[in-house]
Every structure is written in C-alpha cells, then in structure tokens.
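Hi everyone, thanks for making time this morning. I'd like to walk you through some side-chain contacts, so please have the viewer open and follow along.

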Amino acid sequence: MSDVSLVRTPPRFRSATGESAGTRWALIAVAFTGLAILVFAPLIAVFVVALADGVAASLESLASRDARDAIRLTLTIAAISVPLNAAFGIAAAWFITKFDFRGKAFLITLIDLPFSVSPVVAGLCIVLMFGANSALGGWLVANGFPIVFAMPGIILATMFVTFPFVARELIPVMIEQGRAEEEAGLTLGASGWRVFWTVTLPNIRWALLYGVLLCNARAMGEFGAVAVVSGKIRGQTATMPTTIEMLYQEYLSVAAFSLAAVLALLALVTLLLKTALEIRHADQLAATHRP
Amino acid sequence: MHIEIDEISKQFGTTAALHPVSLALPSGALVALLGPSGSGKTTLLRILGGLEFPTSGRVLFDGQDATGVTVQERRAGFVFQSYALFRHMTVFDNIAYGLNARPRATRPQKAEIARRVTKLLDLIQLPDIGSRYPSQLSGGQRQRVALARALAIEPRMLLLDEPFGALDAKVRRELRQGLRDIHDTTGLTTVFVTHDQEEAMELADLVVVMSMGRIEQIGKPQDIRARPATPFVRTFITA
C-alpha cells in the first residue's frame, strides 16, 4: 500500500509552451512598468502641466491667434499630405507586389530611406533644392510660388518623412495575398481598374487604414524637417509642434503644454477611431480573414 | 469550342517554360494536362486563359486567331489552384461578380443575376450557402463555388489549375464525378492541369503528358497506358 500516496496526488502536466505563474506575472509586470514609465506617465504629465493654471487659462491660451493659426496649419498640412501619401503608398505597394521587375529590392530600400535619414537632413535637402539661392528656387520665388518658408515646403517635408508608412503597411499584406484574386477578377471580365476597386482595395483596407492613421499621426507631429523648411513664422508657417517648441523656449509652459495636449489628443482620437472601427467590423474581420 | 495551340513557346527571362508545342483539342473534350511540377502545364493553361502571353506561336479558338485577345475578352472560365475566391464577398457576390462586371448594356437585371446565381448554386448542389463567406466553407465547397463563379460568365471553355490539389482523397473522388457531370451537362471544352496520373487517366477523354516544357505524348488514357511513347511516360504513369 505504499503507492497510495502517489495515486492521491494526480500528476500535474504543463503544456510545452506554458510558463510558470511566477514567470508570467513577472513578464506582465515588466511590460506594464515599461508602458507606465515610457508612455502613460509622460502623457499624464503633459495634461497636468497644461491644466496647472486651471482649465480657463489653458483654453484661453488655445484661443490665442498663434495657437489657432498653428492648429489650422497643422490640420491643413495633414489633410493634404496624408491623402497624397496614401495614394503614392498604394501605387508603390501595388507596383512592388504585383509585378516582377529588376531593381525591386532597390526600390524597397528607397521607400525606407525617409526612416533612416534624419528629418533635419531631409529638411536641409529641400532648402538646398528649392531655396531662394538655388536656380529652381530662385525661379519659383520670382514667379510668386515660393516653396521654402511657405506651405508647399512644409507639405514636401511632411510627405518625405511620412512616405514609408502606408507603403510599409501594405507591402507585406499584399505579398501575402498574392495575385490570384486579381487574376480571377480579370478572367471574369472585369477591367483592371474595377478589379482594383472591388478586389484589391477591400482586401487591403485594414492595413491601409492602419498605415493612414500612423501616417496622419506622424504628419501632425513632425518637427525636425518642418522646423528647417518652414522658418517658423508665427501666424504663417508655424505648425503645432514648432509653435509648442517656441512657446516652451519662452517659458510659457501652460500655453506650450496646452497645445501639446491638443496634439496628443488628436493622436489619441485617431487611435480610438481605429479601435472603434475594429470593434464595429469584428464579424467581418473574422469572416474575411483566411483561416 | 475547338482549341488549337500552334507552336506556342514561352520564355521567362532566360529559362524556357515551354518549347514550341502544338496541340489540337476537339470541341467538348475533357482534357488533362499531366506532368510533374515544372513541366510547363500550368503555363500552357495560363496562356489559354490569357493570363500569360506566349513568346511565340498562336492560339486558335474555333479556327480564329485568339493570341492577342485580352483575358477579359477570352471568356475562359478559370478555376485557380487555391480557388482565389474573393474573401471579402459572400458566396453569392462571388458568383455574381462576372455578371456585375459586365458593361451596363449587356449586364443582366438584378433579379436575373439572382436567378442565375441560384441556378448555379443548385448545379453545384450547395443551394443554401449564398450568404456565407469563403472562410466559412470547407475545401470541397470552395472548389465548387469557384467552379460556379467561373461558369457564371457563360464561358467558352473551362480551365482548371490543379482543381483537386488541396483536398483529401474522399472529397477528391466526389468532386471528380462532380466535374465530369458539369462537363457533360454544359458540353464545354474543359482543360485541367494535374500531376496525379490516376486522376488524369480516370477523368479525362484526352491526356496530354508533359515534361520539361515539352509534350511527351497525347492520347486517350487507355492508349497511353497500353503504349507509352517515351521512357518518361512509362515511368511517370506507373509511378
């Protein structure tokens, strides 16, 4: 009867990929601590400082002419550069994934270039290309269409910096999906254009949405390249990030952080929008994802 | 429809996928392109469907040169290897796609499209799945939906790329009979690609054995079994 005690305690099996409870809790704790220190705390700090003199003072600073101009300019820049980059990104991803040609790897590297080049360098390149001292820039200024220290320059700088976001989101998805569905559409008599709208675009819409949201967040937040190109003229070429920096340098911390809070809120709104869309279309997402 | 392949070759870069091949497929035949992978059988099928253009040679449909005819105008019902169903559309919308894509002048009324889709769902013996999405179907059901979608455009021929490739043995046998039945009711010239010699021999009226971009033998299944033309055919059909 010596093995009765062995029988009484049933053997405990653990799945091969399972971790012990202690390890799990430790990992979760590390992740949460990291998020808290790196993301949540600074975000809360921005709002705390913004509201340090009360809501009224904060709103008053936002109602100032400079702040309103900056918000309007940033939204305009995003509204122009994001759709353009979405279109370019789709075109580039389409071209790269649906056709075989020489130099494809080189083109993919080129698309990634804005990620590796410092935004300040990108801004300086635009100044060198289109500044009043260059031949092209001089001619443009003489004909009343200045690029540097004006809106076109800011748009160019923003588009350069945010170019990879949409294409980078789309390329892996489109590679994974292959060409068969498009080919099926063609054999059924649809034109290439119709296949794009009815087959390709619906299949990439979530990746596209995600790319556009990232692109938008970066477009509104871009500082380095825009600071070089815009000249930071208040009321004319000062965007939200550059205005925040100027206010901060002038020790107007409530005004600076109030504007910063608005910028952070805009980013949060885009994220919430994405989550809401995902929840609303959860059934469709599950149904259309290939098992 | 009578299909004639006249000295068709295909180069991909420096590699030859097809050496000049010639082949005549009688109207209404059920033809198997049989061969190992890399034999050029899928390339030949895609050339027939207008998805690839030959480097040289001609394709003739009912005696008319169709080499330059676009994929849209070929009206070839094409069933892809992994079926390529539109994953974001219901089965109904998948089958109706070709009819909806027609120019307004020749597009049937909505009710007429619905009637035809229902009829095709009956033909593939899946009358109740119109509102489902492809991901909710079994492999065999997907294959039949792909077949119905290809038939919806009232094709002039039916082209199938490894139609039974991804299915288990039992479903395979059922669907073989299903394809045979659909071929017999529609009377369409049907070409399917397979690497499975048993499947080719059992299902096809005419078997085209291919290897390394060349046609090794063309014949009725029993003739190929009885008299293999080359050593390759002999080893391949007994494998």
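Let me start with a term: by a salt bridge I mean a side-chain nitrogen of Lys or Arg within 4 Å of a carboxyl oxygen of Asp or Glu. And please keep in mind that this is a predicted model.

With that term in hand, please go to chain B. The side chains of Glu198(B) and Arg176(B) form a salt bridge, with 3.7 Å from N to O. This pair brings together distant parts of the chain, because Glu198(B) sits in helix 7 (residues 197-203) and Arg176(B) in helix 6 (residues 169-186), 22 residues apart. Are the two partners buried or exposed? Glu198(B) is partly exposed at 43% relative accessibility, whereas Arg176(B), at 5%, counts as buried.

Staying in chain B, have a look at Glu112(B) and Arg115(B), whose side chains meet in a salt bridge at 3.2 Å, N to O. Why is this pair about one helical turn apart? Because Glu112(B) and Arg115(B) are three residues apart in helix 4 (residues 110-123) of chain B. Glu112(B) has a relative accessible area of 25%, so this residue is partly exposed, and Arg115(B) is partly exposed too, at 47%.

Now over to chain A. Glu245(A) forms a salt bridge with Lys232(A), and their closest N and O atoms are 3.3 Å apart. Here again distant parts of the chain are linked: Glu245(A) belongs to helix 12 (residues 240-249), while Lys232(A) lies in the loop between helix 11 (224-230) and helix 12, 13 residues away. Glu245(A) is partly exposed at 25% relative accessibility, and Lys232(A) is partly exposed with 26%. How many salt bridges are there over all chains? The structure holds 27.

Next, the rings. Over all chains there are eleven aromatic pairs. One of them is Phe115(A) with Phe165(A), an edge-to-face pair with 5.4 Å between centres and 85 degrees between the planes. Phe115(A) comes from helix 5 (residues 104-116) of chain A and Phe165(A) from helix 8 (residues 151-177), so the pair links distant parts of the chain, 50 residues apart. Phe115(A) is partly exposed, with a relative accessible area of 44%, but Phe165(A) is buried at 13%.

For a stacked pair, turn to Phe232(B) and Phe236(B), with centres 5.5 Å apart and planes at 10 degrees. These two are separated by about one helical turn because they are four residues apart in helix 9 (residues 231-238) of chain B. Phe232(B) is partly exposed at 23%. Phe236(B), at 16%, is buried, because the cut-off for buried is under 20% relative accessible area.

Two more things to click on. In chain A, Trp94(A), Trp193(A), Phe196(A) and Trp197(A) form one aromatic cluster. In chain B, Arg149(B) lies over the face of Phe86(B), 4.5 Å from the ring centre.

Finally, a word on confidence. Chain B has an average pLDDT of 92, and 100% of its residues score at least 70. For the complex, the predictor gives an ipTM of 0.91 and a pTM of 0.80.

That's my tour, and I'm happy to take questions.

Key:
Residues are numbered from 1 along each chain as its sequence is written. Chains are lettered from A and ligands numbered from 1 in the order in which they are written. This is a predicted model: local features need pLDDT of at least 70, side-chain atom pairs count only at pLDDT 80 or more; totals for chains, interfaces and linings use all residues. Side-chain values use heavy atoms; hydrogens and water are left out. Buried means under 20% relative accessible area, exposed over 50%, partly exposed in between (1.4 Å probe, protein chains only). pLDDT is the predictor's confidence in each residue, from 0 to 100. Rings of Phe, Tyr and Trp (its six-membered ring) pair if their centres lie within 6.5 Å; planes under 30 degrees apart count as stacked, over 60 as edge-to-face and the rest as tilted. A charge sits over a ring if NZ of Lys or CZ of Arg is within 6 Å of the ring centre and within 35 degrees of the ring normal.
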